[in-house]
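Please open the model in your viewer and keep the selection panel at hand. The tour goes from one selection to the next and says what is found at each stop.

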Amino acid sequence: MFKKKNENVMTILKRSSGLKYKMIIHSFVVGLLAGGIIVGYRLLGEVLLKSFKKAYIFAENGPIYIVGIFLLLAIMAYFVAYCVRQEPNISGSGIPQVEGAITKRISTNWKKVLFYKFFGGIVALAAGLSVGREGPSIQMGASVGEGVSKFTNKLDYEHKYLMTSGASAGLAAAFNAPLAGVMFALEEVHKNFSPIVLLSAMVSAVTADVITKSILGINPALMFKHLNIMPIKYYWSLIILGIVLGICGYIFNHGVIFSKHLYKKMPIRLEHKILIPFMFSGLVGLTFPVLLGGGHDIIVNMQVLHLTIFMTFAFLVIKYIFTFVAFGSGVPGGIFLPLLGIGALAGNLVGLVCIKLGVPQDYLVNFAVLAMAGHFAATVKAPITGIILIFEMTGTFEHLLPLSIVVFVALIVSDLLNVEPVYDMLLEDILKGNHTGYEGQPDKKTLIEFSVQMTSQIEGNMVKDIEWPDDCLLVSIKRASKEIIPRGNTHILEGDMITVMVNQTESARMIDYFTAITSHI
């Protein structure tokens, strides 16, 4: 037994040599596969949604056509419910499940997730539900990374790197945004700025973006024309916008969780729960078809709709309800794009009010664009990703200052309201359910990495003075480009990347412990 365990430890240490170059190759493969799958997902979803929207035009010909639309929606709802029953982990966005799998708190079947998320998600998109493609794209990308890891017989810690790479590729392909894909993978999914994670995420994201743009073109996902640079004398309006978005973040996050809990209390079958948002989608399609889908149409058409204050507020309320009804039911779809759509509507509403107060009409669209990043920061708590995402999705890089003001005001307001990151809230909600927990193998080891932050518990202390858990081994300390062999009198400094070896069965507990002692106090 001792020899077997020792061999496992030596295998991990040997394979850590040259890991960076191995990750580059395998991340490239992940980017190719994930990019191709997500492009197919986008194309099918967009084509089917456009076809379904045409069906609403025929509804004007008589009640029989309306009945036909709702009958088709019911069939689609039962198909999606079947997919969710086959693989419960495809329910909802998918991003919390990816975070749970990377932190060893959820165990998933990558083949089933990839298959059922693809087809279940496409049907949800085709029906025009208020869900986005980005969450499923990230989860499918992570599943591709997991699959590549399984086929190449990667060790447990390498497995996490490839899942993170796949998640990065998924967002890059979903939004034509490789930099945002990398930043989101680091800031939200992996929550770690390890050089290896950064490099592998960049390779997969850029590769997936090349595949996407080769097939779909190089235009940004959201195209805004006539976006004027706002003079500083009108920046008071951006403070108001940030405050409103912070409040909107509170409403959104708590509304999503409330809707999930409300559905759980309903004494009806899963099929009937998922039927509700499909029927709601039919009502929206017959009355306000521009609100169908995640929010792409309302965002890109904001400039030509010329909405009044009343209509903007009405659309905002409907979009809130539509999103809560759809996401709470457990359909496979993301909240990434809906929260951007809600942000754009909230921004347009604030802009219309500010125009009444003296801001020129020429800057109305600025409010919608800036509000998307602000609302993203207030809900997801990933401000850098929000800023980069809007840059890449809109194709404009001239609004960094106003964008930063809105983002950080919204972030501060949401912090004052005690708003937790939405994906963390959703993950905790999932862990309370019946999903399969990660177990690992009792005779296997794995490596986990943590970045030491300023004012953390261990910063400035010597190794011998730190209370290390019994079931772990401090393997190395990376400081800039140097790798230090840890000794008792070695000081742990801010910015150090510490690598610890633990039993696989202890991964989740150790991740929680080391996250606590290496983070800001």
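**A pair of helices**

In this predicted model, begin by selecting helix α10 (residues 236-265) together with helix α15 (residues 336-356), whose axes come within 10 Å of each other and cross at roughly 140 degrees. Since angles over 145 degrees would count as roughly antiparallel, α10 and α15 are therefore described as oblique to each other. Look next at the sense of the crossing, which is right-handed where α10 passes α15.

Coloured by class, the contact of α10 with α15 has 12 nonpolar and three polar residues, and no charged ones.

**The sheet**

Now move to the four strands that form an open sheet in the order β1-β4-β2-β3, with antiparallel pairing. Select β1 (445-451) and β3 (482-484), which stand at the edges with a single partner strand each, so that one side of each is left without a neighbour in the sheet. Viewed across the sheet, the twist averages 25 degrees from one strand to the next.

Which residue of β3 stands opposite Ile477? Select β2 (residues 472-479), which pairs with β3 in the antiparallel sense over three bridges, and there Ile477 is found opposite Ile484 in β3.

Notes. Residues are numbered from 1 along each chain as its sequence is written. This is a predicted model: local features need pLDDT of at least 70, side-chain atom pairs count only at pLDDT 80 or more; totals for chains, interfaces and linings use all residues. Side-chain values use heavy atoms; hydrogens and water are left out. Two strands pair if DSSP finds at least two bridges between them. Helices (H or I, at least four residues) and strands (E, at least two) are DSSP runs, numbered from the N terminus. Axes are lines fitted to C-alpha atoms, for helices over the stretch in contact, and angles run from 0 to 180 degrees between N-to-C directions. Angles under 35 degrees count as roughly parallel, over 145 as roughly antiparallel, 65 to 115 as roughly perpendicular and the rest as oblique. A crossing is left-handed if the near helix is turned anticlockwise from the far one by less than a right angle, and right-handed if clockwise. Ala, Val, Leu, Ile, Met, Phe, Trp, Tyr, Cys and Pro count as nonpolar, Asp, Glu, Lys and Arg as charged, and the others, Gly among them, as polar.
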